[in-house]
Amino acid sequence: MGMTMTEKILAAHSGRDRVTPGEIVNAKIDLIVAHDVTTPPAVAMLRKLGINKVFDPSKILVTPDHFVPNKDIKSAELAKQLREWRIEQGIERYYEVGNHGICHAIAPEQGHVLPGMTVVCGDSHTTTMGALGTFATGVGSTDLAAALATGELWFKVPDSMLFELNGTLPFGVYSKDIILYIISKIGVDGARYRAMEYRGSGLKSMSMEARFTITNMAIEAGGKSGIMPVDAISEEYVQARTKEPYKCYESDEDAVYSERMTIELDQLEPIVALPSLPSNGRFIGEVERVKMDQVYIGSCTNGRIEDLRIAAQILKGNKVANGTRAIVVPATTEIWKTAMREGLLEIFADAGCVVSTATCGACLGGFMGVLGAEETCLSTTNRNFVGRMGHPRAKVYLASPATAAATAITGTITDPRPFLQ
Amino acid sequence: MAALPDTLTGYAHVYERAHINTDEIIPARYLNVHEEAELAKYAMEDIDGDFVKRVMPGDFVIAGDNFGCGSSREHAVWALRGAGVKVVIARSYARIFFRNAINNGFLAIECPEAVEVVATGDHLELDLAAGRLRNLTNGREAVFVPLSDFARELIEDGGLLPHIQKKAQAGS
(Lines give C-alpha, C1' and ligand atoms only; values in the text may rest on other atoms or scores of the structure.)
Protein backbone atom coordinates (compact mmCIF):
# COMPACT_ATOMS: atom_id res chain seq x y z
CA MET A 1 0.00 0.00 0.00
CA GLY A 2 1.37 3.38 -0.99
CA MET A 3 1.83 6.51 1.06
CA THR A 4 0.82 10.12 0.58
CA MET A 5 3.52 12.79 0.47
CA THR A 6 2.44 13.91 3.95
CA GLU A 7 2.92 10.38 5.31
CA LYS A 8 6.32 10.12 3.61
CA ILE A 9 7.55 13.40 5.10
CA LEU A 10 6.38 12.42 8.58
CA ALA A 11 7.92 8.95 8.26
CA ALA A 12 11.25 10.35 7.11
CA HIS A 13 11.30 12.81 10.02
CA SER A 14 10.47 10.22 12.64
CA GLY A 15 12.99 7.60 11.57
CA ARG A 16 10.39 5.24 10.16
CA ASP A 17 9.97 3.44 6.86
CA ARG A 18 6.26 4.09 6.90
CA VAL A 19 3.54 5.64 8.99
CA THR A 20 -0.21 5.12 8.99
CA PRO A 21 -2.92 7.71 9.63
CA GLY A 22 -3.93 7.82 13.31
CA GLU A 23 -0.49 6.78 14.58
CA ILE A 24 1.31 9.15 16.92
CA VAL A 25 4.87 9.90 15.87
CA ASN A 26 7.62 12.11 17.19
CA ALA A 27 8.92 14.06 14.22
CA LYS A 28 12.04 16.17 13.86
CA ILE A 29 11.30 19.78 12.96
CA ASP A 30 13.35 21.49 10.24
CA LEU A 31 12.07 25.03 10.68
CA ILE A 32 10.40 26.83 13.56
CA VAL A 33 8.89 30.21 12.77
CA ALA A 34 8.38 32.55 15.73
CA HIS A 35 6.33 35.75 15.98
CA ASP A 36 5.44 38.34 18.59
CA VAL A 37 2.16 36.96 20.00
CA THR A 38 2.67 33.25 20.65
CA THR A 39 6.46 33.12 21.14
CA PRO A 40 6.86 35.17 24.35
CA PRO A 41 4.56 32.81 26.30
CA ALA A 42 6.53 29.83 24.95
CA VAL A 43 9.80 31.44 26.07
CA ALA A 44 8.30 32.15 29.51
CA MET A 45 7.31 28.47 29.85
CA LEU A 46 10.84 27.33 29.02
CA ARG A 47 12.41 29.77 31.46
CA LYS A 48 10.08 28.56 34.20
CA LEU A 49 11.37 25.03 33.60
CA GLY A 50 14.98 26.23 33.60
CA ILE A 51 15.45 25.52 29.89
CA ASN A 52 17.57 28.43 28.73
CA LYS A 53 18.83 27.23 25.35
CA VAL A 54 16.97 26.45 22.15
CA PHE A 55 17.92 23.16 20.47
CA ASP A 56 19.42 24.82 17.37
CA PRO A 57 19.29 28.57 16.66
CA SER A 58 19.95 27.98 12.96
CA LYS A 59 16.58 26.26 12.57
CA ILE A 60 14.57 29.16 13.90
CA LEU A 61 13.27 32.19 12.04
CA VAL A 62 11.95 35.17 13.99
CA THR A 63 9.83 38.04 12.74
CA PRO A 64 7.44 40.26 14.66
CA ASP A 65 4.27 40.60 12.58
CA HIS A 66 1.01 40.64 14.51
CA PHE A 67 1.11 43.92 16.39
CA VAL A 68 4.08 45.75 14.83
CA PRO A 69 4.98 48.54 14.48
CA ASN A 70 3.97 48.33 18.14
CA LYS A 71 0.28 49.07 18.51
CA ASP A 72 0.34 49.74 22.26
CA ILE A 73 2.54 49.42 25.32
CA LYS A 74 1.73 45.78 26.03
CA SER A 75 2.41 44.83 22.41
CA ALA A 76 5.66 46.77 22.54
CA GLU A 77 6.68 44.62 25.51
CA LEU A 78 5.95 41.43 23.55
CA ALA A 79 7.99 42.59 20.55
CA LYS A 80 10.79 43.62 22.93
CA GLN A 81 10.80 40.22 24.61
CA LEU A 82 11.00 38.56 21.19
CA ARG A 83 13.87 40.80 20.11
CA GLU A 84 15.86 40.27 23.33
CA TRP A 85 15.27 36.54 23.27
CA ARG A 86 16.55 36.12 19.74
CA ILE A 87 19.73 38.02 20.61
CA GLU A 88 20.24 35.96 23.75
CA GLN A 89 19.74 32.74 21.75
CA GLY A 90 21.92 33.82 18.84
CA ILE A 91 19.17 33.41 16.28
CA GLU A 92 20.43 35.06 13.11
CA ARG A 93 17.39 34.71 10.90
CA TYR A 94 15.58 37.75 12.25
CA TYR A 95 13.50 40.29 10.35
CA GLU A 96 13.23 43.50 12.33
CA VAL A 97 10.55 46.11 11.65
CA GLY A 98 11.71 47.71 8.40
CA ASN A 99 12.65 44.32 6.95
CA HIS A 100 9.79 42.41 8.50
CA GLY A 101 6.79 40.62 7.07
CA ILE A 102 3.88 38.40 7.97
CA CYS A 103 5.64 35.20 8.97
CA HIS A 104 3.88 32.86 6.51
CA ALA A 105 4.73 35.19 3.64
CA ILE A 106 8.29 36.16 4.57
CA ALA A 107 9.54 32.65 5.41
CA PRO A 108 9.09 31.27 1.87
CA GLU A 109 9.83 34.63 0.22
CA GLN A 110 13.27 34.78 1.83
CA GLY A 111 14.11 31.19 0.91
CA HIS A 112 13.79 29.57 4.34
CA VAL A 113 11.11 27.05 3.34
CA LEU A 114 12.18 24.08 1.25
CA PRO A 115 10.30 21.12 -0.16
CA GLY A 116 10.23 18.09 2.13
CA MET A 117 10.66 20.08 5.32
CA THR A 118 8.62 19.95 8.48
CA VAL A 119 7.67 23.46 9.62
CA VAL A 120 5.80 24.59 12.71
CA CYS A 121 4.81 28.03 13.95
CA GLY A 122 2.55 29.17 16.75
CA ASP A 123 -0.01 30.28 14.23
CA SER A 124 -2.84 28.50 12.49
CA HIS A 125 -2.00 29.79 9.00
CA THR A 126 1.34 27.99 8.98
CA THR A 127 -0.36 25.63 6.51
CA THR A 128 0.48 28.26 3.85
CA MET A 129 4.00 26.90 3.44
CA GLY A 130 2.73 23.48 2.38
CA ALA A 131 2.39 24.83 -1.17
CA LEU A 132 6.12 24.14 -1.51
CA GLY A 133 5.70 20.41 -0.83
CA THR A 134 6.33 20.93 2.87
CA PHE A 135 4.55 19.54 5.93
CA ALA A 136 3.65 22.78 7.70
CA THR A 137 1.20 23.07 10.55
CA GLY A 138 0.10 25.54 13.18
CA VAL A 139 0.61 24.83 16.88
CA GLY A 140 0.05 26.53 20.23
CA SER A 141 2.67 28.02 22.51
CA THR A 142 3.32 24.82 24.48
CA ASP A 143 4.06 22.92 21.28
CA LEU A 144 6.22 25.79 20.16
CA ALA A 145 8.12 25.65 23.45
CA ALA A 146 8.61 21.89 23.13
CA ALA A 147 9.86 22.26 19.55
CA LEU A 148 12.22 25.09 20.51
CA ALA A 149 13.67 23.02 23.36
CA THR A 150 13.93 19.61 21.68
CA GLY A 151 13.63 20.08 17.91
CA GLU A 152 10.88 17.48 17.87
CA LEU A 153 7.13 17.37 18.23
CA TRP A 154 4.41 14.75 18.50
CA PHE A 155 1.94 14.43 15.67
CA LYS A 156 -1.02 12.24 15.02
CA VAL A 157 -0.43 11.24 11.39
CA PRO A 158 -3.36 12.80 9.50
CA ASP A 159 -5.25 11.05 6.80
CA SER A 160 -5.25 12.93 3.53
CA MET A 161 -8.01 14.34 1.34
CA LEU A 162 -7.20 14.73 -2.33
CA PHE A 163 -8.40 17.76 -4.28
CA GLU A 164 -7.95 17.43 -8.02
CA LEU A 165 -7.88 20.85 -9.70
CA ASN A 166 -8.67 20.44 -13.41
CA GLY A 167 -8.50 22.92 -16.24
CA THR A 168 -7.77 26.62 -15.97
CA LEU A 169 -9.41 29.46 -14.12
CA PRO A 170 -11.73 31.67 -16.13
CA PHE A 171 -10.98 35.36 -16.59
CA GLY A 172 -11.43 37.32 -13.36
CA VAL A 173 -11.44 34.23 -11.13
CA TYR A 174 -8.50 33.55 -8.81
CA SER A 175 -7.07 30.98 -6.46
CA LYS A 176 -8.92 32.64 -3.55
CA ASP A 177 -12.15 31.75 -5.30
CA ILE A 178 -11.01 28.11 -5.53
CA ILE A 179 -10.35 27.74 -1.82
CA LEU A 180 -13.52 29.63 -0.84
CA TYR A 181 -15.41 27.28 -3.17
CA ILE A 182 -13.83 24.19 -1.60
CA ILE A 183 -14.58 25.37 1.94
CA SER A 184 -18.16 26.19 0.94
CA LYS A 185 -18.51 22.57 -0.18
CA ILE A 186 -16.85 20.78 2.75
CA GLY A 187 -17.52 23.21 5.61
CA VAL A 188 -15.28 24.75 8.27
CA ASP A 189 -14.68 21.32 9.77
CA GLY A 190 -14.73 19.33 6.52
CA ALA A 191 -11.00 18.63 6.69
CA ARG A 192 -10.71 18.42 10.48
CA TYR A 193 -7.49 16.65 11.51
CA ARG A 194 -6.68 15.94 7.86
CA ALA A 195 -4.09 16.95 5.29
CA MET A 196 -5.55 18.69 2.24
CA GLU A 197 -3.51 17.61 -0.76
CA TYR A 198 -3.90 19.30 -4.13
CA ARG A 199 -2.92 18.18 -7.58
CA GLY A 200 -4.04 18.34 -11.17
CA SER A 201 -3.57 20.30 -14.36
CA GLY A 202 -5.04 23.40 -12.71
CA LEU A 203 -1.89 23.87 -10.65
CA LYS A 204 0.20 24.34 -13.78
CA SER A 205 -1.31 27.73 -14.50
CA MET A 206 -0.88 28.91 -10.90
CA SER A 207 2.09 30.88 -9.62
CA MET A 208 3.45 30.20 -6.15
CA GLU A 209 1.68 33.38 -4.98
CA ALA A 210 -1.64 31.93 -6.10
CA ARG A 211 -0.88 28.53 -4.57
CA PHE A 212 -0.01 29.93 -1.14
CA THR A 213 -3.51 31.42 -0.96
CA ILE A 214 -4.99 27.93 -1.26
CA THR A 215 -2.81 26.18 1.33
CA ASN A 216 -3.12 29.22 3.64
CA MET A 217 -6.78 28.48 4.19
CA ALA A 218 -6.51 24.75 4.97
CA ILE A 219 -7.16 25.63 8.61
CA GLU A 220 -10.43 27.32 7.64
CA ALA A 221 -11.69 23.87 6.72
CA GLY A 222 -10.24 22.52 9.97
CA GLY A 223 -7.26 20.97 8.14
CA LYS A 224 -4.00 20.09 9.80
CA SER A 225 -2.06 21.03 6.69
CA GLY A 226 -2.35 21.85 3.03
CA ILE A 227 0.17 20.42 0.62
CA MET A 228 1.03 20.51 -3.08
CA PRO A 229 3.46 18.46 -5.14
CA VAL A 230 6.76 20.02 -6.14
CA ASP A 231 6.89 20.95 -9.83
CA ALA A 232 8.84 23.26 -12.14
CA ILE A 233 7.04 26.34 -10.78
CA SER A 234 7.85 25.59 -7.14
CA GLU A 235 11.42 24.52 -7.94
CA GLU A 236 12.03 27.77 -9.78
CA TYR A 237 10.63 29.73 -6.83
CA VAL A 238 12.87 27.93 -4.35
CA GLN A 239 16.02 27.96 -6.44
CA ALA A 240 15.72 31.69 -7.04
CA ARG A 241 15.94 32.13 -3.27
CA THR A 242 18.37 29.59 -1.88
CA LYS A 243 21.14 27.19 -2.78
CA GLU A 244 20.28 24.82 0.07
CA PRO A 245 19.62 21.21 -0.95
CA TYR A 246 16.18 19.73 -0.43
CA LYS A 247 14.24 16.55 -0.97
CA CYS A 248 10.97 16.24 -2.86
CA TYR A 249 8.34 13.72 -1.81
CA GLU A 250 5.63 12.45 -4.12
CA SER A 251 2.45 10.66 -3.22
CA ASP A 252 2.35 7.10 -4.50
CA GLU A 253 -0.15 6.12 -7.16
CA ASP A 254 -1.80 3.76 -4.68
CA ALA A 255 -1.70 6.13 -1.71
CA VAL A 256 -4.85 6.03 0.39
CA TYR A 257 -7.09 9.11 0.60
CA SER A 258 -10.03 9.33 2.95
CA GLU A 259 -11.89 11.50 0.46
CA ARG A 260 -11.43 12.83 -3.06
CA MET A 261 -12.95 15.87 -4.70
CA THR A 262 -12.55 17.12 -8.26
CA ILE A 263 -12.92 20.80 -9.05
CA GLU A 264 -13.40 21.89 -12.65
CA LEU A 265 -11.79 25.31 -12.52
CA ASP A 266 -13.52 26.60 -15.64
CA GLN A 267 -16.87 26.24 -13.85
CA LEU A 268 -15.92 28.71 -11.12
CA GLU A 269 -16.90 32.34 -10.71
CA PRO A 270 -15.82 34.97 -8.21
CA ILE A 271 -16.94 33.92 -4.73
CA VAL A 272 -17.80 35.90 -1.63
CA ALA A 273 -18.00 34.22 1.79
CA LEU A 274 -20.79 35.88 3.75
CA PRO A 275 -20.55 36.58 7.51
CA SER A 276 -19.62 34.86 9.76
CA LEU A 277 -18.10 31.63 8.49
CA PRO A 278 -15.46 31.07 5.80
CA SER A 279 -17.74 28.30 4.51
CA ASN A 280 -20.54 30.75 3.58
CA GLY A 281 -19.20 31.14 0.03
CA ARG A 282 -21.65 32.13 -2.74
CA PHE A 283 -21.03 32.87 -6.40
CA ILE A 284 -21.05 36.61 -6.79
CA GLY A 285 -24.20 36.56 -8.92
CA GLU A 286 -26.12 35.28 -5.89
CA VAL A 287 -24.72 37.87 -3.49
CA GLU A 288 -26.69 40.97 -2.56
CA ARG A 289 -24.88 44.25 -3.26
CA VAL A 290 -24.40 45.09 0.40
CA LYS A 291 -22.77 48.43 1.19
CA MET A 292 -19.22 48.14 2.59
CA ASP A 293 -17.80 50.54 5.16
CA GLN A 294 -14.33 49.14 4.59
CA VAL A 295 -12.34 47.11 2.09
CA TYR A 296 -9.17 45.37 3.28
CA ILE A 297 -6.56 44.05 0.84
CA GLY A 298 -3.71 42.22 2.53
CA SER A 299 -2.79 39.42 4.99
CA CYS A 300 -0.92 36.13 4.69
CA THR A 301 -3.74 35.01 2.40
CA ASN A 302 -3.74 37.74 -0.22
CA GLY A 303 -1.09 40.37 0.48
CA ARG A 304 1.48 39.15 -2.05
CA ILE A 305 2.70 41.12 -5.08
CA GLU A 306 0.44 39.36 -7.56
CA ASP A 307 -2.56 40.27 -5.38
CA LEU A 308 -1.51 43.92 -5.27
CA ARG A 309 -0.99 43.99 -9.03
CA ILE A 310 -4.51 42.73 -9.64
CA ALA A 311 -5.98 45.22 -7.18
CA ALA A 312 -3.97 48.08 -8.72
CA GLN A 313 -5.03 47.12 -12.23
CA ILE A 314 -8.65 47.58 -11.16
CA LEU A 315 -8.13 50.67 -9.00
CA LYS A 316 -5.96 52.53 -11.53
CA GLY A 317 -7.65 55.78 -12.51
CA ASN A 318 -10.58 55.07 -10.18
CA LYS A 319 -11.52 56.41 -6.78
CA VAL A 320 -12.60 54.60 -3.63
CA ALA A 321 -16.33 55.22 -3.18
CA ASN A 322 -17.58 57.90 -0.85
CA GLY A 323 -18.47 56.30 2.46
CA THR A 324 -15.99 53.43 2.01
CA ARG A 325 -12.46 53.17 3.40
CA ALA A 326 -9.89 51.04 1.60
CA ILE A 327 -6.79 49.68 3.34
CA VAL A 328 -3.95 47.96 1.50
CA VAL A 329 -1.41 45.96 3.52
CA PRO A 330 1.48 44.36 1.62
CA ALA A 331 2.40 41.13 3.42
CA THR A 332 6.14 41.78 3.60
CA THR A 333 8.54 44.69 3.32
CA GLU A 334 9.94 43.21 0.11
CA ILE A 335 6.46 43.17 -1.42
CA TRP A 336 5.95 46.77 -0.28
CA LYS A 337 9.18 47.79 -2.01
CA THR A 338 8.31 45.93 -5.20
CA ALA A 339 4.89 47.57 -5.20
CA MET A 340 6.59 50.94 -4.80
CA ARG A 341 8.98 50.31 -7.69
CA GLU A 342 6.15 49.18 -9.92
CA GLY A 343 4.11 52.29 -9.13
CA LEU A 344 1.35 50.34 -7.40
CA LEU A 345 1.53 52.34 -4.19
CA GLU A 346 0.91 55.51 -6.13
CA ILE A 347 -2.11 53.97 -7.83
CA PHE A 348 -3.51 52.97 -4.44
CA ALA A 349 -2.82 56.38 -2.92
CA ASP A 350 -4.34 58.22 -5.89
CA ALA A 351 -7.43 56.06 -5.60
CA GLY A 352 -7.79 57.07 -1.95
CA CYS A 353 -6.54 53.89 -0.28
CA VAL A 354 -4.43 53.81 2.87
CA VAL A 355 -1.26 51.79 2.34
CA SER A 356 0.25 50.31 5.48
CA THR A 357 3.51 48.59 6.28
CA ALA A 358 3.33 44.79 6.61
CA THR A 359 1.35 43.59 9.63
CA CYS A 360 -1.30 41.04 10.56
CA GLY A 361 -3.04 44.17 11.84
CA ALA A 362 -6.77 44.30 11.34
CA CYS A 363 -7.09 40.78 9.92
CA LEU A 364 -7.33 39.59 13.51
CA GLY A 365 -8.83 42.77 14.93
CA GLY A 366 -5.45 44.03 16.13
CA PHE A 367 -5.10 47.53 14.71
CA MET A 368 -4.88 49.45 11.40
CA GLY A 369 -8.50 49.01 10.41
CA VAL A 370 -10.43 47.44 13.30
CA LEU A 371 -14.23 47.46 12.78
CA GLY A 372 -16.91 48.98 14.99
CA ALA A 373 -20.35 47.56 15.79
CA GLU A 374 -22.53 46.92 12.70
CA GLU A 375 -19.72 47.96 10.34
CA THR A 376 -19.20 45.94 7.16
CA CYS A 377 -15.90 44.98 5.57
CA LEU A 378 -15.05 43.06 2.43
CA SER A 379 -11.66 41.56 3.11
CA THR A 380 -9.09 39.43 1.27
CA THR A 381 -8.16 37.79 4.59
CA ASN A 382 -8.84 34.22 5.63
CA ARG A 383 -11.56 34.14 8.27
CA ASN A 384 -14.69 36.07 9.06
CA PHE A 385 -15.72 34.50 12.36
CA VAL A 386 -17.68 36.58 14.85
CA GLY A 387 -15.39 39.22 16.30
CA ARG A 388 -12.46 38.42 14.03
CA MET A 389 -11.82 41.95 12.72
CA GLY A 390 -13.06 43.87 15.72
CA HIS A 391 -16.52 44.28 17.20
CA PRO A 392 -18.51 41.04 17.51
CA ARG A 393 -21.38 42.74 15.66
CA ALA A 394 -19.19 43.80 12.69
CA LYS A 395 -19.78 41.83 9.49
CA VAL A 396 -16.88 40.53 7.43
CA TYR A 397 -17.12 39.21 3.85
CA LEU A 398 -14.22 37.30 2.32
CA ALA A 399 -13.22 37.52 -1.35
CA SER A 400 -10.32 37.82 -3.80
CA PRO A 401 -8.23 41.00 -4.21
CA ALA A 402 -10.00 41.65 -7.54
CA THR A 403 -13.44 41.52 -5.93
CA ALA A 404 -12.13 43.69 -3.09
CA ALA A 405 -10.77 46.33 -5.47
CA ALA A 406 -13.99 46.47 -7.51
CA THR A 407 -15.98 46.72 -4.29
CA ALA A 408 -13.80 49.61 -3.08
CA ILE A 409 -14.69 51.55 -6.22
CA THR A 410 -18.45 51.05 -6.06
CA GLY A 411 -18.81 50.84 -2.27
CA THR A 412 -21.00 47.74 -2.57
CA ILE A 413 -20.09 44.09 -3.19
CA THR A 414 -19.15 44.04 -6.87
CA ASP A 415 -18.18 41.52 -9.54
CA PRO A 416 -14.63 42.43 -10.62
CA ARG A 417 -14.88 41.07 -14.16
CA PRO A 418 -16.29 44.18 -15.87
CA PHE A 419 -13.40 46.19 -14.36
CA LEU A 420 -10.83 43.88 -15.92
CA GLN A 421 -12.03 44.24 -19.53
CA MET B 1 2.41 14.27 38.42
CA ALA B 2 -1.16 13.60 39.53
CA ALA B 3 -3.28 10.71 38.38
CA LEU B 4 -6.67 11.81 37.09
CA PRO B 5 -9.56 11.11 39.46
CA ASP B 6 -12.10 8.53 38.32
CA THR B 7 -14.92 11.03 38.56
CA LEU B 8 -15.33 14.79 38.61
CA THR B 9 -18.39 16.82 39.49
CA GLY B 10 -19.27 20.36 38.52
CA TYR B 11 -21.93 22.72 37.19
CA ALA B 12 -22.62 23.23 33.51
CA HIS B 13 -22.43 26.22 31.16
CA VAL B 14 -23.89 25.13 27.82
CA TYR B 15 -22.94 26.67 24.46
CA GLU B 16 -24.70 24.49 21.95
CA ARG B 17 -23.69 26.28 18.75
CA ALA B 18 -21.16 24.68 16.41
CA HIS B 19 -17.84 26.34 15.48
CA ILE B 20 -17.30 28.49 18.56
CA ASN B 21 -13.95 29.93 17.57
CA THR B 22 -10.98 31.08 19.59
CA ASP B 23 -11.74 34.73 18.77
CA GLU B 24 -14.95 34.31 20.77
CA ILE B 25 -13.26 32.39 23.58
CA ILE B 26 -10.55 35.06 23.92
CA PRO B 27 -10.71 38.01 21.51
CA ALA B 28 -7.48 39.08 19.80
CA ARG B 29 -7.67 42.48 21.50
CA TYR B 30 -6.49 40.73 24.68
CA LEU B 31 -3.59 38.86 23.08
CA ASN B 32 -1.10 41.50 24.10
CA VAL B 33 -0.88 39.67 27.44
CA HIS B 34 -0.57 35.98 28.29
CA GLU B 35 -1.00 35.90 32.08
CA GLU B 36 -3.76 33.41 32.84
CA ALA B 37 -5.39 35.54 35.56
CA GLU B 38 -5.57 38.53 33.21
CA LEU B 39 -6.94 36.52 30.27
CA ALA B 40 -9.51 34.92 32.59
CA LYS B 41 -11.29 38.27 32.94
CA TYR B 42 -12.27 38.12 29.27
CA ALA B 43 -13.02 34.42 28.78
CA MET B 44 -15.89 33.83 26.32
CA GLU B 45 -16.45 37.59 26.16
CA ASP B 46 -17.59 37.70 22.54
CA ILE B 47 -20.09 34.90 22.92
CA ASP B 48 -21.34 35.52 26.46
CA GLY B 49 -20.31 38.71 28.21
CA ASP B 50 -21.69 37.42 31.53
CA PHE B 51 -19.79 34.13 31.54
CA VAL B 52 -16.99 35.39 33.76
CA LYS B 53 -19.51 36.74 36.27
CA ARG B 54 -21.26 33.37 36.60
CA VAL B 55 -18.44 30.85 36.27
CA MET B 56 -17.20 29.23 39.46
CA PRO B 57 -14.07 27.18 40.08
CA GLY B 58 -14.64 23.58 38.97
CA ASP B 59 -17.40 24.35 36.44
CA PHE B 60 -17.83 22.49 33.15
CA VAL B 61 -18.26 24.04 29.70
CA ILE B 62 -20.48 21.98 27.40
CA ALA B 63 -20.23 22.80 23.72
CA GLY B 64 -21.21 21.76 20.20
CA ASP B 65 -19.18 20.73 17.17
CA ASN B 66 -15.70 21.97 16.25
CA PHE B 67 -15.18 23.85 19.52
CA GLY B 68 -12.13 26.13 19.47
CA CYS B 69 -11.74 26.44 15.71
CA GLY B 70 -9.81 29.28 14.12
CA SER B 71 -6.65 30.78 15.54
CA SER B 72 -4.07 28.55 17.23
CA ARG B 73 -3.89 30.82 20.28
CA GLU B 74 -3.31 28.78 23.41
CA HIS B 75 -4.67 31.82 25.23
CA ALA B 76 -8.11 30.22 24.69
CA VAL B 77 -7.22 27.31 26.97
CA TRP B 78 -5.53 29.59 29.50
CA ALA B 79 -8.50 31.96 29.63
CA LEU B 80 -10.94 29.11 30.31
CA ARG B 81 -8.70 27.47 32.88
CA GLY B 82 -7.94 30.83 34.49
CA ALA B 83 -11.66 31.49 34.80
CA GLY B 84 -11.99 28.27 36.79
CA VAL B 85 -13.25 25.89 34.11
CA LYS B 86 -12.26 22.34 35.01
CA VAL B 87 -13.21 20.55 31.81
CA VAL B 88 -14.68 21.27 28.38
CA ILE B 89 -17.03 18.62 27.01
CA ALA B 90 -17.76 19.24 23.33
CA ARG B 91 -19.47 17.34 20.56
CA SER B 92 -16.14 17.66 18.71
CA TYR B 93 -13.02 19.84 18.71
CA ALA B 94 -10.92 21.78 16.28
CA ARG B 95 -7.59 19.99 16.34
CA ILE B 96 -5.33 22.78 17.57
CA PHE B 97 -7.62 23.57 20.53
CA PHE B 98 -7.69 19.90 21.54
CA ARG B 99 -3.93 19.68 21.20
CA ASN B 100 -3.42 22.85 23.22
CA ALA B 101 -5.75 21.51 25.91
CA ILE B 102 -3.97 18.24 26.51
CA ASN B 103 -0.57 19.91 26.09
CA ASN B 104 -1.62 22.03 29.08
CA GLY B 105 -2.86 19.10 31.10
CA PHE B 106 -6.37 20.50 30.65
CA LEU B 107 -9.28 18.11 30.22
CA ALA B 108 -11.08 18.20 26.88
CA ILE B 109 -13.61 15.43 26.43
CA GLU B 110 -15.30 14.62 23.14
CA CYS B 111 -18.87 13.59 23.90
CA PRO B 112 -21.35 13.77 20.99
CA GLU B 113 -24.51 13.76 23.13
CA ALA B 114 -23.52 16.05 26.00
CA VAL B 115 -25.29 19.13 24.60
CA GLU B 116 -28.49 17.11 24.31
CA VAL B 117 -28.71 15.99 27.94
CA VAL B 118 -27.40 19.04 29.75
CA ALA B 119 -28.77 22.55 30.39
CA THR B 120 -26.88 25.46 31.89
CA GLY B 121 -26.81 25.18 35.69
CA ASP B 122 -27.19 21.38 35.78
CA HIS B 123 -24.99 19.48 38.20
CA LEU B 124 -22.87 16.91 36.36
CA GLU B 125 -20.71 13.93 37.17
CA LEU B 126 -18.03 12.97 34.69
CA ASP B 127 -16.81 9.37 34.92
CA LEU B 128 -13.49 9.47 33.10
CA ALA B 129 -12.70 5.80 33.36
CA ALA B 130 -16.10 4.53 32.29
CA GLY B 131 -16.64 7.20 29.64
CA ARG B 132 -19.98 8.32 31.03
CA LEU B 133 -21.42 11.77 31.72
CA ARG B 134 -24.24 11.74 34.30
CA ASN B 135 -26.56 14.68 34.70
CA LEU B 136 -27.29 14.64 38.44
CA THR B 137 -30.02 17.25 37.98
CA ASN B 138 -32.22 15.42 35.49
CA GLY B 139 -30.83 11.88 35.67
CA ARG B 140 -29.94 11.69 31.98
CA GLU B 141 -26.66 10.23 30.72
CA ALA B 142 -24.34 10.45 27.74
CA VAL B 143 -21.42 8.21 26.86
CA PHE B 144 -18.06 9.07 25.37
CA VAL B 145 -14.90 7.32 24.29
CA PRO B 146 -12.44 7.68 27.20
CA LEU B 147 -9.24 9.64 26.58
CA SER B 148 -6.58 7.83 24.58
CA ASP B 149 -3.65 6.49 26.58
CA PHE B 150 -1.44 9.13 25.01
CA ALA B 151 -3.75 12.05 25.93
CA ARG B 152 -4.27 10.67 29.44
CA GLU B 153 -0.53 10.37 30.00
CA LEU B 154 0.04 13.96 28.86
CA ILE B 155 -2.72 15.27 31.10
CA GLU B 156 -1.57 13.22 34.09
CA ASP B 157 1.98 14.46 33.59
CA GLY B 158 0.64 18.01 33.80
CA GLY B 159 1.06 18.74 30.09
CA LEU B 160 3.57 18.32 27.30
CA LEU B 161 6.53 20.13 28.84
CA PRO B 162 6.52 18.25 32.17
CA HIS B 163 5.94 15.08 30.12
CA ILE B 164 9.07 15.75 28.05
CA GLN B 165 11.06 16.51 31.20
CA LYS B 166 9.90 13.30 32.81
CA LYS B 167 10.99 11.32 29.78
CA ALA B 168 14.35 13.10 29.63
CA GLN B 169 14.95 12.34 33.32
CA ALA B 170 13.99 8.71 32.75
CA GLY B 171 16.62 8.65 30.00
CA SER B 172 14.18 7.45 27.38
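Author: Happy to: here is a walk through two contact surfaces, one inside chain A and one between the chains. Please keep in mind that this is a predicted model.

Where they meet, 36 residues of domain 1 of chain A are in contact with 34 residues of domain 2 of chain A. On the domain 1 side, helix 4 (103-109), helix 6 (175-186) and helix 7 (208-216) of chain A each give two or more residues. Helix 6 of chain A has the largest share of that side, with six residues. Sorted by class, the domain 1 side holds 15 nonpolar, 14 polar and seven charged residues.

Now turn to the place where chain A meets chain B. This contact takes 40 residues from chain A and 33 residues from chain B. On the chain A side, look for helix 2 (39-48), helix 3 (73-89) and helix 5 (141-150), each of which supplies at least two residues. Helix 5 of chain A gives the most to this side, namely six residues. The classes on the side of chain A that touches chain B are 18 nonpolar, 13 polar and nine charged residues.

To find your way on screen, you might begin with helix 6 of chain A for the domain contact, then move to helix 5 of chain A for the contact with chain B.

Definitions and conventions. Residues numbered from 1 in each chain as written. Chains lettered and ligands numbered in written order. Predicted model: local features only at pLDDT ≥ 70, side-chain atom pairs only at ≥ 80, totals over all residues. Contact = placed C-beta atoms within 7 Å. Helix = DSSP H or I, 4+ residues; strand = E, 2+ residues; numbered from the N terminus. Nonpolar A, V, L, I, M, F, W, Y, C, P; charged D, E, K, R; others polar.
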